[in-house]
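I hope they are handy to have beside you as you look through it.

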Amino acid sequence: MVLPMNSAIRKLLLMLAFGLMWGVARADIYVIVNPSNSLKPLTNKEAVDLFMGRTRMFPNGDYVLACDLPRDHTVRAGFYQALTGMTPAQLNSYWSRLMFTGQVMPPQTVATEAAVVDMVKRNPGAIGYVGTDPSEKGVRVVMTIKPGN
């Protein structure tokens with residue numbers, strides 16, 4: 001016999017599952033830019049401002065093309081959890097509210113981490129994040145996020 005779960009228990013189980021999933025995949029996350037970008041190493045606040053739509057320009061005045069992974073990507077969940085403390089559901093709610101105003105758009109979603117690297121390689125104003133240390137030429141790491149710190 002299957003007993004119905006109330007929404008509070010369901011939410012608790014989902015949060016527990018997310019925590020366990022993230023606990024297994026707690027690798028570093030690397031914020032990358034094009035090597036021609038003059039951006040210095042990022043502070044947490046600067047990264048939050050760039051990826052949460054609070055600023056559209058780098059400190060040098062160049063426009064930002066922020067790249068994001070798909071909503072269901074585990075690296076995306078870990079990135080925003082470590083950067084902002086937001087769960088995927090909270091992040092989706094945040095962007096829904098801001099997009100409703102019409103003033104801010106979320107970062108451009110690209111399908112894979114390889115696509116993020118490619119976008120950053122081709123665009124001097126692009127910034128993105130990946131879950132593996134980018135050893136390729138054509139990108140430069142400006143911040144390493146260590147989940148759990």
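Predicted model: local features only at pLDDT ≥ 70, side-chain atom pairs only at ≥ 80, totals over all residues.

1. Where does V130 sit, and what does it touch? V130 belongs to strand 4. Apart from neighbours within four places in sequence, V130 has contacts with D28, I29, Y30, I32, V75, E113, V116 and V117. Among these, Y30 is also the residue that stands opposite V130 in the sheet. A further pair to look at is V130 and A114: they lie 16 residues apart along the chain, and their C-alpha atoms are separated by 8.4 Å.

2. Now for the overall plan. The protein has 5 helices and 5 strands, and from the N terminus on these elements follow the order α-β-α-β-α-α-β-α-β-β. Of the 149 residues, 38% are buried. If you take the contacts with a separation of 6 or more, 71% of them come from residues 24 or more positions apart.

3. How are the strands arranged? The 5 strands make an open sheet with mixed pairing, in the order 3-2-4-1-5. Strand 3 (108-109) and strand 5 (140-145) are at the edges with a single partner strand each, so one side of each has no neighbour in the sheet.

4. The pairings can be followed strand by strand. Strand 1 (residues 29-33) and strand 4 (residues 126-130) run antiparallel and are joined by 4 bridges; here V33 stands opposite I127. Strand 2 and strand 4 run parallel, with 2 bridges between them, and L65 has A126 as its bridge partner in strand 4. Strand 2 also pairs with strand 3 in the parallel sense, again over 2 bridges, with C67 opposite Q108 of strand 3.

5. Which helix lies across strand 1, strand 2, strand 4 and strand 5, at about 105° to strand 4? That is helix 3 (residues 74-84). Helix 2, for its part, has buried residues A47, V48, D49, L50 and F51. These buried residues pack against strand 1, strand 2, helix 3, helix 4 (88-101), strand 4 and strand 5.

6. The last point is the pair formed by helix 2 and helix 3. Two packed helices are described by the angle between their axes and the distance between the axes. For helix 2 and helix 3 the angle is about 125° and the axes are 10 Å apart. The two helices are therefore oblique to each other, and their crossing is left-handed. In the contact, N44, A47, V48 and F51 of helix 2 meet F79, Y80, L83 and T84 of helix 3. By residue class, this contact between helix 2 and helix 3 has 6 nonpolar residues, 2 polar ones and no charged ones.

Key. Residues numbered from 1 in each chain as written. Heavy atoms only, no water. Pairing = 2+ DSSP bridges. Contact = heavy atoms within 4.5 Å. Axes fitted to C-alpha atoms, helices over the stretch in contact; angles between N-to-C directions. Parallel < 35°, antiparallel > 145°, perpendicular 65-115°, else oblique. Left-handed = near helix turned anticlockwise from the far one by under 90°. Nonpolar A, V, L, I, M, F, W, Y, C, P; charged D, E, K, R; others polar. Buried < 20%, exposed > 50% of the residue type's maximum accessible area, 1.4 Å probe, protein only.
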